[in-house]
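Take a look at the model below. This report goes through its rings, its helices and its cavities.

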Amino acid sequence: MLEIYQVSKSFPTPQGPLAVLQSISLNLAAGNTLALTGESGSGKSTLLHLVAGLDSVDAGTVRVGGETVTGRADADRARLRRTTIGLVFQQFNLLPSLTVGANLAFQARLCGRHEPAHLADLTRRLGLDGLLDRYPEQLSGGQQQRVAIGRTLAARPQLILADEPTGNLDEATGDAVLDLFLDEVRASGAALLMVTHSERLAARLGHQHHLSQGRLESRS
Amino acid sequence: MRPLVQTLRALLAHWRRHPVQLAAWVVGLMLATALWSGVQALNTQARESYDRAAGLFAGAAQPMLVAREGETLTDDVFATLRQAGWPVSPLLEGRVRVGEQALTLVGIDPVTLPAEAAAASAVDQTGFELAAFLTRPGLTLAGPDTLQQLGVEPGAELRLASGALLPPLAVASTVPPGTLLVDVGLAQQLLQRPSELSRLLVADDPRWQTQALPEDLAERLYWQHGQSEDDLTRLTDSFHLNLTALGLLAFVVGLFIVNGATGLAFEQRSSLLRTLRACGVSGRQVVLALLFEVLLLALVAGLLGLLLGYGLAALLLPDVAASLQGLYGARVAGALQLEPRWWLAGLGMSLCGALLAAVGSLWQAARLPVLGLARREAWRAHQQRGVMLLALLGGGLWLLALGLFMAGSGLVVAFAGLAALLLGAALCLPGLLSVAVGIGQRLARGPVAEWFWAEARQQVSALSLALMALLLALAANIGVGSMVDSFRLTFTGWLDQRLAAEVYMNAEDAEQAEQMVEWLVGQPEIEAILPTGHLISRYADEPLELNGIRVHDTYRDHWPVQQQLADGWDRVGTGQAAMISEQMARRFDLAPGDSLTLGLAATPWLLQVAGIYADYGNPRAQMVVDLDALMARAEGPLRQGFSLRLHPDAAPQLVERARRDLGLEGTAVIDQASVRNFSEQVFERTFVATGALNTLTLGVAGVALLTSLLTLTQSRLPQLAPLWAQGLSRRHLAWLEWLRTLCLAGFTILLAVPLGLLLAWCLVAIINVEAFGWRLPLYLFPEQWLRLIGLAALTTVLATAWPLWRLGRQSPATWSKVFAHEQ
């Protein structure tokens, strides 16, 4: 599902280019889960952004579902995110102007895969039934992250990219949300690439990789 | 002190990171100050010129003796009165030319000048050299602006068009623009009027005004109280009030920019303010630092604005001076000379405006809780409630406007009503936009369309100030434009009626009038000679233009009469009735059939109002009466003239012959086309300043929109990035953002049309009537609206294109930073 081959990325700084990722390669098959750990600034999020086509590589190739992400136009990469990839962020990134119901349905409607019955089932399982008419600002952090997860899963993506999905939540809430998230991902059959600081959370995923000084180390 | 300094440093650091926002703030206040102070500079300059004209020889208060009709005032009369102990002083006034410039030459006798006249003129000033003035070669006193206008330095000797040489020039700041002051004996020589005097100034002492004149002079002289300059101030007040109103509108529009930028800066710095509070800076210190920051920025913007305002005023002054001369005959110095108080007042206005624009943010800062997360959404929800409050306030202002229009009277009240109307409409705008966006939201199908309208609803608050500015500026443009074009159409039609004769001749004096009659009867192509006599008198203590005519079919067929009694012109011909101008009828509440009494001579003249006619462009009350009846009652000489009927093709030759045979110059003989041309030129120049201010106001609104969007797009990324992450391209999102702004601006532009028309109606039906005394018919000019709508749309497109182009061009790295949890 996900093939990353020899990907490098650097950022310009006043002191010259700073290499964040150096010749990174990894594969992730459909239905598998992979945790990417590393220190702050190790390039975890950057790698996630490159996979999602939110940023472009300096060298190497990224393929998602057989389609090459790297070297494509912005509009093509956007189409890929719309149809194949689902993103879950630490900051939730809900649309503040839309209700919870509209936020949940948003991406599924955007990619033309809106199934009301599936969404209703998902909503119920995520415990968001009574919150559909509220606005994001009226929810707690845990509730907001559940909405973000529901929004992603409702569109039935083949690859889910999660960037510290529980990083803004306390441990108990984070664990509860992650349980729910992993259950739903497994049920959907999608591949999951999750970035996290926490070795404890990483251990709950099928595979673990560690990023250090721009290089990848496999731990499983 | 240290926390205050550190707080201020932390606050000011925000502007280093947001230079566009800082530019918006400074440009907003700078433009507001520039337009306001520019208008005030024009008004100050004009008023200073009136004051100097009024002050010369004490103007209004100065009693004087002048010669009766057919009599000439000479040195002998002056000598006789002085010998009899009368405190009189001779004065001779005439027109001279220096190169292309026409100037007024005034001859005085500084030794006998009454004390109050001396105080008002230059002759009691320190440094005035009486001996140098009286002895050859003498001195020519002139205002500094006159010297500047002539392009000469003090000490220069001017040569008149007649060839005569004036004494060396000396500067006297109290001498009005366009006036030269010399010794009366010298003036008699220069004007080639030996022994002649225009009037005798008399000390302003009631004893002398009740004293009977010597018997042999009583029939030759009469008392006159020169009040024209004082009247000038009153008459021109409406003109200046109009300019002030436009300046104030531009100032308010500029303050919208400042308010928007301040509000956004506060929102962006709310977490900084909380942090400062958490670090031990007291709420009072935070507010003080914010206040100091506002004053510091206002000082810089105010000074820049004053410089810009000065430039603007210098640019517009020639047109304003021409308008004032054309409309009121007022001479205004052509070069700006502003006193320190103008600079101080402008700076004060700038500081007050900045404080007014920032008061909301300062209030919020004072009430900011130390704890609690900065929640943009909650702030926005608060703004939504504000939209409702604003709409209610706007409705209240409309009711106030209605009340003022229905119950109030006077120009200031009318302008207050107009201000309430415009401000009320502006305050209702966010509410109306919310309603329109709500309809769009209900009609939307598809997730992107739903998000589009939902975001539009939230953006109404953020953009409302800029859109209010656009609404006000565009409505003002449509309103004033409709009024001016209606006026132009009416004025052109009115000129057709009023200028029925083919050639007009004006005599300098009775002798020249006789020469003209003799010459005219010998011209075979003339079909009718219509004699006229003109006199400035007073009615109910206001100036009145009295026009004497001999009733003729030309008047019956062409005069722009609005309403009249049956056989109105025949009644005028009897000498017992008069046609009065619309402004006179409105000012004194007169209607056809009413009676009025003129106090021209010892016996009152009872006249019936036979009709009312339109007299656009003339601020004075005017009346048309029978010429013979007027001559019989007038104490002083009439300014005589002749309107000539002949075939239009023969007019240019007749004018040329009259100039040659009678030695006439300038407007002494002029054909209809030239008068029309001149009148139309005066008309157009009158509205040059108005047009320029209007265009600038629209420009300021454009800047308001631009700066609002520039600052808004900086805070839009967090809203847009999630959509980008979900598969909408950056270009698509930039287009949607652009389209949304255009929708909001487009709706505002559409609302501006009815508001502009309402404004136009108020201008012609209320303001014009209060200011000038005439009411115009309101014509509609859809092509003008389309032009303005196009201009506003273009302004909007340009103002929105750049920030959104920038948004679309931002690198993916910038967009993806939104998702970085280390942010």
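## Terms and ground rules

A residue is buried under 20% relative accessible area, exposed over 50%, and partly exposed in between, with a 1.4 Å probe and protein chains only. Helices (H or I, at least four residues) and strands (E, at least two) are DSSP runs, numbered from the N terminus.

This is a predicted model, where local features need pLDDT of at least 70, side-chain atom pairs count only at pLDDT 80 or more, and totals for chains, interfaces and linings use all residues. Residues are numbered from 1 along each chain as its sequence is written, chains are lettered from A and ligands numbered from 1 in the order in which they are written, and side-chain values use heavy atoms, with hydrogens and water left out.

Start with helix α16 of chain B, residues 510-520. Its buried residues are B:Q512, B:A513, B:M516, B:W519 and B:L520. They span an arc of only 125 degrees around the axis, so they sit on the same side of α16(B). The arc is taken from the directions that run from the helix axis to the C-beta atoms.

What does the face turned away from the buried side of α16(B) carry? It carries the exposed residues B:E511, B:E514 and B:E518.

## Aromatic pairs

Rings of Phe, Tyr and Trp (its six-membered ring) pair if their centres lie within 6.5 Å; planes under 30 degrees apart count as stacked, over 60 as edge-to-face and the rest as tilted. Over all chains, the structure holds 13 aromatic pairs. One of them joins B:W342 and B:W343, edge-to-face, at 4.7 Å centre to centre and 85 degrees between the planes. B:W342 counts as buried because its relative accessibility is 5%. B:W343 has a relative accessible area of 29%, so B:W343 is partly exposed.

The pair B:F487 and B:F491 is edge-to-face because the planes stand at 80 degrees, with ring centres 6.1 Å apart. Both residues lie in helix α15 (residues 447-498) of chain B. They are four residues apart, about one turn of the helix. Both are buried: B:F487 at 8% relative accessibility, B:F491 at 9%. Elsewhere, ring pairs link B:Y555, B:W559, B:W569 and B:Y613 into a cluster.

## A charge over rings

A charge sits over a ring if NZ of Lys or CZ of Arg is within 6 Å of the ring centre and within 35 degrees of the ring normal. The charged end of B:R740 sits over the ring of B:W451, 4.9 Å from its centre. The charged end of B:R740 also sits over the ring of B:F452, 5.2 Å from that ring's centre.

## Cavities

A cavity is a set of points, on a 1 Å grid over the protein atoms alone, where a 1.4 Å probe fits but cannot get out; lining residues have an atom within 4 Å of a point. Grid points are joined across faces, edges and corners, and a volume is the space filled by probe spheres set on the points. The structure holds three cavities of 30 Å³ or more.

Helices α10 (228-278), α11 (283-328) and α12 (340-366) of chain B each supply at least two lining residues.

The second largest cavity has a volume of about 40 Å³. Among the residues that line it are B:F133, B:R136 and B:D183.

Note on methods. 1 Å grid on protein atoms, 1.4 Å probe; cavity = no way out; pocket = protein on both sides within 12 Å on 5 of 7 lines; lining within 4 Å.
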